[in-house]
Each structure stands twice: as structure tokens, then as C-alpha cells.
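Please look through the structure below before reading the comments, and keep it open beside them. The points are meant to be read in order, with the sequence at hand.

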Amino acid sequence: MRLSNVPIPEAHVAALVGAAGLHFVLPLRLPLSARAGRLLGGPMLAFGIGLAAWAVDSAGDTNVERDEALITDGAYAASRNPMYAGWSVAVLGLALWTRSAWLLGASLVAIQALDREVRDEESRLAQRFGTGYREYRERVPRW
């Protein structure tokens, strides 16, 4: 496993930092009880972290930043972007767990930004891996 493969999507980091700052100035809570927030957010947070960890493990020693190889097994057989999907689900889960309206809104904006980034990445992968990537894209969903 390469630690450099551990993703830190800038959009989600910005969402976390921005939402924390806004919450400090003006706390806005979702209309959920603390119990409901934990029941909804806890499993999402755990699932997201687990999915991202599985994706890092599935990538093994391949350097995903350099597109060394097309990874299509493990977590990548379920999603073409399991690391990003894991982060997204985890941050949404954290928003529900903490009942932070700021974090929920910021995470949705971050997911949209990440989706645009993924679409650009897909174009690059299609050029790099050709038919192999196009076949992979047809059988495995983006998210």
C-alpha cells in the first residue's frame, strides 16, 4: 500500500474548513435530534472511511497519481472512483452526525466540484488506456 495513494480531495478539505469556520461564527443545525444525526450519519461516516480504505488497499503499490496502471479490481470493481466516493459519503455522514447545516451544504458543493474533476480525469484516462478504459467505464459506475 502506498501512503501517497491516500486521497485528500481539496474540495472536501475546503468544505470541512469553511464549514467549521462558519459554524464557529454562526452555528446552524440541521432539524434532526442528536440521536437521529448519529443514527443516520454514523453508518455513512464508517462506510465512507471503509470504502476509501478499501480503495487505497485495492490500488496496492500502483501510483494512482501517475496513472501507472488501470486498476479494475477490489473497490474499483464497484466504483471507478471509490476513494472520492468514500470521502464524499464520509463527509456527508459527518455533516449528519454533527447536524451541521454548513457542512451539509459545503459538502454538496464539494461533491459537485469533485464530479467536474472526475470527468476531466476520465478524459485523461480514456486517452491513456484507450479501449481498456472505455470497456471498464461501460461496466463499472462512476460513483
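The numbered points below go from the overall fold to single residues.

1. The first thing to keep in mind is that this is a predicted model. The protein holds four helices and zero strands, and, read from the N terminus on, its elements follow the order α-α-α-α. Along its principal axes, the C-alpha trace spans about 50 × 30 × 25 Å.

2. Two figures describe the protein as a whole. Of its 143 residues, 39% count as buried. Among the contacts with a separation of 6 or more, 79% are made by residues 24 or more positions apart.

3. How do helix 3 and helix 4 run relative to each other? In general, a pair of packed helices is described by the distance between the axes and the angle between them. Here, the axes of helix 3 (residues 82-98) and helix 4 (residues 101-139) come within 9 Å of each other and cross at roughly 175°. Angles over 145 degrees count as roughly antiparallel, and helix 3 and helix 4 are therefore roughly antiparallel to each other.

4. The residues that form this contact can be found on the structure one by one. On the side of helix 3 they are Tyr-84, Ser-88, Val-91, Leu-92, Leu-94, Ala-95 and Thr-98, and these meet a set in helix 4 that includes Leu-103, Leu-104, Ile-111, Leu-114 and Glu-121. Sorted by class, the contact of helix 3 with helix 4 has 11 nonpolar, three polar and two charged residues.

5. The loop between helix 3 and helix 4 is where Arg-99 is placed. The phi angle of Arg-99 is near 60°, which is a positive value in a residue other than glycine. Arg-99 counts as partly exposed, because its relative accessibility is 22%.

6. The next point concerns empty space, which can be shown by rolling a probe the size of a water molecule over the atoms. The largest pocket contains about 660 Å³ of space. Its lining is made up of 30 residues, and those that lie nearest its centre are Val-64, Glu-65, Tyr-84, Glu-121 and Arg-124. Helix 1 (10-25), helix 3 and helix 4 are the elements that give two or more residues to this lining, and the largest share, 10 residues, comes from helix 4. By class, the lining has 18 nonpolar, four polar and eight charged residues.

7. Is Tyr-133 buried or exposed? Tyr-133 belongs to helix 4, and it counts as buried because its relative accessibility is 2%, where buried means under 20%. Leaving aside residues up to four places away in sequence, Tyr-133 touches Leu-70, Arg-80, Glu-122, Leu-125 and Ala-126. The C-alpha atoms of Tyr-133 and Thr-72 are separated by 9.2 Å, although the two residues are 61 residues apart along the chain.

8. Glu-68 counts as partly exposed, because its relative accessibility is 43%. Not counting residues up to four places away in sequence, Glu-68 touches Asp-61, Thr-62, Asn-63, Arg-128 and Phe-129.

Definitions and conventions. Residues are numbered from 1 along each chain as its sequence is written. This is a predicted model: local features need pLDDT of at least 70, side-chain atom pairs count only at pLDDT 80 or more; totals for chains, interfaces and linings use all residues. Side-chain values use heavy atoms; hydrogens and water are left out. Axes are lines fitted to C-alpha atoms, for helices over the stretch in contact, and angles run from 0 to 180 degrees between N-to-C directions. Angles under 35 degrees count as roughly parallel, over 145 as roughly antiparallel, 65 to 115 as roughly perpendicular and the rest as oblique. Contact means heavy atoms within 4.5 Å. Ala, Val, Leu, Ile, Met, Phe, Trp, Tyr, Cys and Pro count as nonpolar, Asp, Glu, Lys and Arg as charged, and the others, Gly among them, as polar. On a 1 Å grid over the protein atoms alone, a cavity is a set of points where a 1.4 Å probe fits but cannot get out, and a pocket is an open set with protein on both sides within 12 Å along at least five of seven lines; lining residues have an atom within 4 Å of a point. Grid points are joined across faces, edges and corners, and a volume is the space filled by probe spheres set on the points. Buried means under 20% relative accessible area, exposed over 50%, partly exposed in between (1.4 Å probe, protein chains only).
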